[in-house]
Amino acid sequence: MAKNMTKIAYLRKVWAEKYDENDLEAAAEIGEALLREHWHNKSMRTVGYANDLFNLACVHEDLGNFERAVAYYSDAAQQHLAANGDELSYADRVNSLASALVRNDLPGTAFVLLENVAAIRRKLLGRRNLIYADSLYNLANAAADIGRTKDAIHFHMEALKIRETDAPIVDIVSSLHSIAFLYESDENYEKAILFAKSAAKFSASDDIAYAKACNYLAELYEAASEYESALPLYDEVLEIAGGETNRSGSAYLNVALRRANLLSLLNRPEEALAAHEKICESFPPGATSVFYANCLRGMAMLHSNLNNPARAEECILKAMKIRRTMYEDITLDITFLIRLHLRENNTEKALEALIYALMCSGQNSPEYNEMLEDLVSIFDQTKNPATGEFVNAIELLNDREKLRPILNKWEAWEKGG
């Protein structure tokens with residue numbers, strides 16, 4: 001037995017080295033060898049065997065072998081309880097098993113296990129213990145995953161009552177945001193905003209956490225159509241996140257674009273346009289980005305609303321060129337362009353844009369008929385006298401020679417000419 005136990009100790013040492021080196025495949029093989037040594041040595045009913053099972057479960061989870069990981073987690077929990085009768089340690093192992101089940105998209109089974117974990121921790125640690133609060137928090141998330149929203153809110157509220165006393169602020173904020181999210185999911189924005197406000201207040205001492213809390217609160221105000229309340233919160237987020245090195249970062253630009261769009265909703269087009277222009281200045285000449293293209297389309301719409309069709313056309317063409325470079329769909333851009341030309345009674349340009357749209361979509365592509373219906377609708381809605389020309393243009397689509405002058409024009413545009 002001494003010889004066998006020495007081999008187990010050696011395998012554990014090698015396992016730890018391989019795991020630290022992130023050589024997970026080797027760690028898994030050594031873990032399996034460890035189990036075989038335990039079986040050979042008949043040392044299965046020991047804490048060491050339970051720990052080796054647990055470690056092997058962790059490796060398989062890291063490797064994405066969830067079924068094997070879940071099986072080992074389950075065995076580890078049972079073996080640990082059998083080995084020393086420590087219910088708290090058993091609860092810890094079951095908690096790990098439940099987490100693996102959630103990640104393996106089995107929330108229903110995880111919920112049952114987490115109820116067991118919470119009951120053990122409550123019995124042994126008491127109602128006011130922070131570890132018990134963590135169990136309630138995990139149980140709440142599992143309840144939400146299986147659609148038991150009322151139970152989820154109840155468990156989160158119970159966890160919050162405990163955490164509010166002496167838990168780290170990050171845990172308190174996490175509970176508040178989780179409750180807010182559940183109310184938001186039920187479109188109960190009044191209560192969602194109430195808890196999100198509390199989260200922002202608790203986060204005030206940490207700029208990054210406060211910015212995230214304000215951003216979420218602003219999004220809730222937007223969802224509730226309380227735009228005036230959302231705007232100053234976006235301003236606060238941008239002020240915190242707006243260092244020179246951050247202004248071209250995606251997080252900053254996303255908030256800036258939300259703020260710019262919000263100004264449009266508040267019917268403040270000049271301010272909204274200035275905000276969009278400031279965002280676009282963050283991109284270097286020749287930049288290709290869907291975000292950039294979306295911002296340009298927003299600018300085009302604002303220029304159109306402010307009766308500046310030339311600038312609107314310039315912006316939307318720039319957005320289209322970016323999307324074409326990236327092989328992105330241009331349907332919304334080209335639809336806007338056609339509407340813009342028809343509003344200005346520029347039938348010739350509208351038809352040229354129509355032909356380009358249909359040729360880009362490809363007559364055999366699934367979106368062709370949808371685009372065609374959309375464009376027919378545009379001409380019908382405007383009651384434009386060019387309807388006959390529109391029909392003729394569609395009939396000409398199979399005759400590329402007759403369309404060649406128009407196609408040449410667009411091809412030159414795509415190449416930058």
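**Figure 1. Arg12 is partly exposed, at 31% relative accessibility.** Partly exposed residues lie between two limits, buried being under 20% relative accessible area and exposed over 50% (1.4 Å probe, protein chains only). The model is predicted, so local features need pLDDT of at least 70 and side-chain atom pairs count only at pLDDT 80 or more, whereas totals for chains, interfaces and linings use all residues. Residues are numbered from 1 along each chain as its sequence is written, and side-chain values use heavy atoms, with hydrogens and water left out. The side chain of Arg12 meets that of Asp52 in a salt bridge, 3.0 Å from N to O; the term requires a side-chain nitrogen of Lys or Arg within 4 Å of a carboxyl oxygen of Asp or Glu. Because Arg12 lies in helix α1 and Asp52 in helix α3 (residues 47–62), the pair ties together parts that are 40 residues apart in sequence. Helices are DSSP runs (H or I, at least four residues), numbered from the N terminus. Asp52 counts as buried, at 8% relative accessibility. A search of the whole structure finds 19 salt bridges.

**Figure 2. Arg148 and Asp151 form a salt bridge.** The closest N and O atoms of Arg148 and Asp151 are 2.8 Å apart. Arg148 is partly exposed because its relative accessibility is 36%. Asp151, at 28%, also counts as partly exposed.

**Figure 3. Arg323 and Asp333 are joined by a salt bridge.** The N to O distance between their side chains is 2.5 Å. Arg323 belongs to helix α16 (residues 309–325) and Asp333 to helix α17 (residues 331–343), so this pair ties together parts that are 10 residues apart in sequence. Salt bridges with shared partners join Arg297, Arg323 and Asp333 into one network. Arg323 is buried, with a relative accessible area of 5%, and Asp333 is buried at 0%.

**Figure 4. Asp20, Glu21, Asp23, Glu25 and Glu29 form a negative surface patch.** A patch is made of residues with over 30% relative accessible area and no salt bridge; like charges are joined within 9 Å, and nonpolar side chains (Val, Leu, Ile, Met, Phe, Trp, Tyr) within 5 Å. Asp and Glu count as negative, and the place of the charge is taken as CG of Asp or CD of Glu. One member of the patch, Asp23, lies in the loop between α1 (2–20) and α2 (24–41). Asp23 is partly exposed, as its relative accessible area is 31%.

Key:
Accessible areas come from the Shrake-Rupley method with a 1.4 Å probe; for residues, only the protein chains shown count as cover. Helices (H or I, at least four residues) and strands (E, at least two) are DSSP runs, numbered from the N terminus.
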